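Thanks for coming, everyone. Let me put the model up, and then I'll walk you through it.

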Amino acid sequence: MKGEPQELKLTVNGKVYELKVRPKTLLNDVLRKDLKLTGTKRGCLESTCGVCTVILDGKAVRSCSILAVQANGHDITTIEGLAKGDKLHPIQEAFVNHGAIECGFCIPGRVMMAKALLDENPNPTREEVRLAMQGVLCADSGYVKQIEAVEIAAEKMRGGE
Amino acid sequence: MKDFEYFAPKTVEESLSLLSQYKGEAKIIAGGQSMLVVMRQGLLAPEYVIDIKGITALDYLTYDEREGLRIGALTTHRAIEKSPIIQKHFRVLSEMETNLATIQTRNWGTIGGNLCHGDPAGDPASVLIALNAKLKLKSLSKERIVEMEEFSMDLLEVNLEPDEMLVEIQVPVPRTHTGIAHEKLMVMQGDAGIVGTAVSIALKPGDGVCEDARIVLSNAASVPLRAIEAEKRLIGKVINDTLLDEAGQIASAGADPPSDVHGSTEYRKEMIKVFVRRAAIKALERAKKG
Amino acid sequence: MAEKRQMKAKASVVLKEVGDSTPREEYSILGKPIPRVDARLKVTGEAKYAADIEVADMLWGAIKRSPYPHARILNIDTSKAERLPGVKAVITGKDFSGFKWGWSRETRDEEPLASTKVRYLYEGVAAVAAIDEDIAQEACDLIEVEYKPLPGVFDPFEAMKEGASLVHEDRPGNICVEYHWNFGDVKKAFAESYLVREDTFQTPRMAKGYIEPPAIVVYWPDSNHLVVQAAKGSPYFPYRILSNCFNLPLSNVRIIQPFIGSDFGGTKNDMVNGDFSSAMLAKKSGKPVKIVYTQFDELTTCLRRHPMWVTIKTGVTKDGLLKAIQTKVISDGGAYTRMSPLSNFLTGICMALPYKLPNFKTDVCCYFTNNPSSAAMRGHGLYHTRFAGDVQMDMIAEELGIDPVEMRLRNAIENPKPGKIYETINKLHLATCGVKEGIEKAAEAIRWEEKKKVERVRGNKAYGIGFACGTYLSGTKLSGHNACAAMVRICEDGSVNYITGATDVGQGSDTVTCAMVAEVLGIGLEDIDIKRVDTAHTPVDPGTYGSRVTVLAGEAAINAAKDAKRMLLEVAAKEFGVKPEEMDIKNKKAFVKTHPEMNMPWARLVRMACYTNPGMVIIGRGQSSRGISTYGLADFTTGVGDIGTNYSFTAQAQEVEVDLETGVVKCTDNSVIAHDCGFPLNPPAVDTQVVGGAYHPGVGAALYCEFKMDKGLTLNPNLVDYKLPRAYEAPMTKVIHVITNDPFGPFGAKEASEGSTCTAAPAVINAIHDATGVWIKDLPAKPEKVFWALKEKREKEKK
């Protein structure tokens with residue numbers, strides 16, 4: 001039947017959710033509206049800005065460009081899943097301490113992008129950091145401090161200073 | 001976006017069954033990185049959507065020294081980009097993927113989905129044509145192999161029957177002393193090329209004469225365009241700068257690129273000359289190395 | 001006849017010291033890296049932006065938009081929409097009973113939803129509230145509107161033609177606003193000039209570029225009270241406008257600010273169809289209504305930077321000293337007046353900065369067209385003429401054989417000696433001007449002396465370096481509503497509430513004003529709490545625009561903190577038997593200045609103060625009226641008078657790489673900006689703002705951003721075809737701080753980074769010229785444009 005709600009079982013930030021969604025529902029809407037995880041932002045809705053970026057099975061994806069039903073059975077991490085209680089993830093800490101956050105709207109998507117990068121490649125070159133940051137638009141920072149923050153986080157995560 | 005009836009088959013047979021049942025009114029969605037954009041814009045509103053993303057059997061990448069590469073249609077761009085097999089034996093595919101959109105798109109979007117979308121500005125089609133690839137298409141009743149260069153029919157139209165599905169991309173082992181390169185004109189990293197070129201050059205070992213050349217243009221026509229006349233200029237000769245220039249001119253003259261906010265037809269024609277040369281020089285260098 | 005802003009210029013000149021007299025090196029907090037107070041909430045995803053807000057029983061709204069850029073509305077039939085299950089309210093323009101609004105009282109020409117005529121493509125004519133977004137959209141599609149299309153005008157040149165179709169029937173010639181100013185005698189000066197040059201430059205039609213689209217949630221707790229949570233940079237505009245629209249006293253209109261995803265000057269400190277619609281739909285349905293725009297809505301209907309055509313004529317002496325500048329500016333204001341009077345005024349008001357200029361004449365005319373409205377954007381007004389001026393300066397330098405850095409050094413205004421004021425021909429007053437030091441430092445940092453000798457062409461690429469200098473007004477002075485106030489409440493445990501109406505849209509103003517309060521009180525930044533702006537509780541403040549928050553809201557914060565401190569010191573002084581002025585508070589200790597061993601901890605002092613007079617509430621109040629006083633207001637008609645409390649200065653050096661075969665231009669990492677913001681209160685925040693100000697709106701304009709239009713239709717309304725600057729291409733710019741300690745700013749501060757939005761475009765264009773010898777006078781310098789210019793140059797050289 002057209003629009004018939006489909007069963008959806010998702011693991012988000014380690015927690016299993018079972019719900020029913022209409023097939024055309026975007027993953028972004030399920031996260032924000034159904035699961036109330038508004039940390040992931042809703043931006044352009046046309047697959048260009050990247051503020052909706054989350055991690056799915058360890059890979060960074062645009063949640064506005066995936067039907068929720070396609071995420072069925074998959075493992076998703078959003079910005080809310082990074083900090084452990086009061087303790088921020090090293091990437092979050094680096095962004096805060098290095099002054100890389102301004103209006104903050106692109107930050108959740110950007111931090112998830114950085115996490116996906118560093119989980120896969122703990123010692124990225126600057127070029128690789130730039131390539132990762134290319135997927136999330138910012139409107140105000142000039143990207144410099146953000147690129148540097150990712151590098152600082154990478155070093156910390158590798159056990160450096 | 002309009003509502004639709006949704007199916008998530010687990011096997012190829014199941015999908016082909018559904019396609020056969022709803023042919024014409026059904027659309028297959030793989031990664032959806034091209035399709036969702038047009039669906040959200042209201043340009044596409046299928047009654048039935050067959051989601052094949054979950055068919056793990058179509059997600060594979062194998063290599064055989066004689067048979068060459070076999071890529072399952074649901075292999076993601078990112079998997080191709082990062083595959084050690086690809087990087088070793090078909091590096092040009094990895095290079096092309098590195099420049100394709102952004103990492104998020106490549107993580108979920110599939111090579112099959114990209115090819116079936118049929119965008120003449122797309123990079124994979126042109127590179128696969130240069131590689132002399134073939135596509136395996138399947139329906140319930142039959143299976144056929146189509147040359148990559150015969151797959152695109154028109155803007156966003158491909159050689160797929162309503163009950164057919166792309167299942168595999170087959171890339172033969174290039175002969176020795178073949179070099180392949182892909183270059184495209186980007187303003188920003190990850191842009192669709194204002195124009196793009198994939199060039200394959202095969203040299204005769206010893207005297208360095210060009211035995212075969214393939215020059216494929218993207219965003220230069222309504223389909224990925226093989227510049228056959230330009231290829232002829234190179235074949236049978238020892239390639240030099242003059243010949244490269246001439247090949248570029250001929251390729252440009254035979255192209256009919258669009259005019260849009262990124263560039264006029266005239267500018268694209270000029271750029272075709274530049275990029276045919278750039279890709280050819282790189283291909284030639286690689287061919288010489290063996 | 002177009003109405004103009006009239007303001008009286010005051011004659012008095014007053015010098016006043018603001019802020020502490022503590023030497024800079026002894027500051028506890030200011031002048032050092034200050035972590036942003038809201039960074040943690042943002043990085044964990046806890047910070048709520050307007051689109052994240054959900055209220056019980058909420059409906060979703062959608063807007064019905066016109067398919068014509070110019071048309072009469074003949075009839076609207078909403079019956080089918082009303083009958084759709086799930087629809088709770090439908091409204092049209094008529095629901096607003098003829099209400100019109102505008103940025104100022106004299107320019108109220110826009111309706112919340114068009115009722116008789118639409119003037120730009122996709123202008124809203126009706127709206128629906130329903131139980132979900134899909135139904136709301138479907139209902140919109142069911143609304144039937146009958147239009148009579150009208151001929152339109154789509155650029156100023158069409159608009160100005162005799163007999164052209166009128167966008168507003170009562171505005172002949174489609175003139176939105178015009179200014180004609182004259183200082184000195186340009187004709188005579190040109191006649192006496194060694195060289196006179198005239199060139200025309202063009203700046204592109206641009207989007208603001210923020211990534212968060214407009215969003216709003218509105219509810220009526222009862223029929224007389226309105227609550228709004230919206231992405232607004234200046235809540236006090238919707239506060240007043242909605243009060244007028246719904247005939248509510250201001251006391252009953254409550255705007256609560258969520259976090260804001262950037263603003264940049266227009267749309268978010270102004271109103272959109274969605275704002276009025278959600279309010280009216282909420283009223284009609286009796287339920288909260290939320291409307292969230294998409295980027296498509298933003299890119300097709302929201303405010304844009306004016307495209308401007310600047311013809312500039314400059315006369316110089318043999319040594320390259322400016323004798324006169326005459327500008328003619330034509331701009332496209334779009335369908336409604338909005339902020340165009342201010343935007344166009346700003347094109348000329350600072351023309352006599354940053355270089356000495358003895359004669360200046362300008363004629364500015366802004367036209368209505370059937371395009372989306374134009375309004376403020378970072379670098380507001382100044383960037384267009386600064387671009388023209390600084391590129392032409394290089395053209396002149398080349399003709400005269402003068403090095404471009406030398407040219408700027410010769411013309412730059414000298415930093416006035418302490419106590420002295422520099423006055424421009426149009427009576428702007430500078431106590432500080434760091435542009436000369438800036439250009440020297442920028443040139444040195446980029447190693448100009450060495451690099452200018454290097455061969456520009458390497459293979460198929462060419463490299464060049466370009467310079468530009470700029471200024472920006474700081475602490476905008478406009479009129480009464482630019483005054484602002486603050487309160488500092490000391491809680492009995494020593495924690496502090498800092499209450500302000502100023503809005504941080506990401507520039508870090510919350511952090512820096514909290515830091516000022518902490519610095520004045522002598523306690524830690526962590527002791528200060530700042531809440532989201534809520535017009536029910538926070539004092540009026542026009543919000544973020546005009547580079548005013550740090551300077552003006554800062555001054556109010558300082559005064560409020562001083563007031564609270566005074567009350568505390570009165571109590572402390574009594575305790576120690578001294579006069580209050582003999583005491584101070586530092587490092588959370590109140591102490592007698594001459595006998596610091598006589599001290600008491602902050603917490604104890606506060607408790608003592610609160611309990612000595614039981615129930616004593618320590619609330620310090622402060623205000624800033626710098627926005628309207630000191631030198632008096634600028635006169636829009638004549639162009640005379642200070643528009644800023646003080647002025648920042650910037651000098652930029654940028655290297656580019658030009659692909660000679662394709663015309664693609666890239667900024668390299670050789671990028672330096674020397675910025676005089678008086679005193680950088682939070683240096684890392686200044687750095688990011690300066691770098692980002694140069695890159696996004698500046699380099700964006702120079703290389704990437706441009707709306708292409710076809711009779712009112714935006715041809716590239718998405719972020720792939722309208723290119724926003726991205727990370728891969730971003731230069732790793734170094735910022736050099738030029739410290740001038742301005743006496744008019746709090747702790748010596750002036751605005752930061754609007755200046756760099758004005759220098760980036762000319763620096764890039766000058767760099768392209770340095771690399772290749774071609775001048776690109778109409779932005780952006782897209783590859784195709786550069787390619788043809790290079791080709792033309794090669795062909796010319798062959799002859």
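**A strand with two faces**

Start with strand β23 of chain C, residues 484-490: C:C484, C:A486, C:V488 and C:I490 make up its covered face, while C:A485, C:M487 and C:R489 make up the uncovered one. In a regular strand, side chains alternate between the two faces of the sheet.

Some ground rules. This is a predicted model, in which local features need pLDDT of at least 70, side-chain atom pairs count only at pLDDT 80 or more, and totals for chains, interfaces and linings use all residues. Residues are numbered from 1 along each chain as its sequence is written, chains are lettered from A and ligands numbered from 1 in the order in which they are written, and side-chain values use heavy atoms, leaving out hydrogens and water. Helices (H or I, at least four residues) and strands (E, at least two) are DSSP runs, numbered from the N terminus.

Now the partners of β23(C). Two strands pair if DSSP finds at least two bridges between them. With strand β29 of chain C, residues 618-624, β23(C) pairs antiparallel over seven bridges. There, C:S624 in β29(C) stands opposite C:C484. With strand β24 of chain C, residues 496-500, β23(C) pairs antiparallel over five bridges. C:I490 has C:V496 as its bridge partner in β24(C). β23(C) and β24(C) form a hairpin, with five residues between them. In that turn, C:G494 has a positive phi of about 95°.

Next, another sheet in chain C. Three strands form an open, antiparallel sheet in the order β4-β2-β6. Its edge strands, β4 (117-118) and β6 (144-149), each pair on one side only. Two bridges join β2(C), residues 71-77, to β4(C). C:R72 faces C:K117 there, standing opposite it.

On to the interior. A nonpolar core is a set of buried Ala, Val, Leu, Ile, Met, Phe, Trp, Tyr and Cys residues joined through side-chain atoms within 4.5 Å. Buried means under 20% relative accessible area, exposed over 50%, partly exposed in between (1.4 Å probe, protein chains only). The largest core has 211 residues, and A:F95, C:F345 and C:L703 have the most contacts inside it. Helix α11 of chain B, residues 265-289, gives the largest share, 11 residues. Apart from that core lies another, of 55 residues, including C:I34 and C:V517.

One helix to point out is α17 of chain C, residues 683-704, where 22 of 22 residues are buried. This helix bends by about 35° at C:G698. That bend is the angle between axes fitted to the seven residues ending there and the seven starting there.

Now a lysine. Is A:K24 buried or exposed? A:K24 counts as buried because its relative accessibility is 11%. A:K24 is in the loop between β2 (15-21) and α1 (27-34) of chain A. Its side chain makes a polar contact of 3.0 Å with that of C:D134. Leaving aside neighbours within four places in sequence, A:K24 is in contact (heavy atoms within 4.5 Å) with residues including A:L67, B:M1 and C:D134.

Last, the interfaces. Between chain B and chain A, about 2,600 Å² is buried. In chain B, B:D3, B:Q104 and B:W108 lose the most area to chain A.

Conventions:
A polar contact is a pair of N or O atoms within 3.5 Å; within protein, one must be able to donate a hydrogen and the other to accept it, and residues adjacent in sequence count only if both atoms are side-chain atoms. Buried area is the accessible area (1.4 Å probe) that two parts lose on being put together, summed over both.
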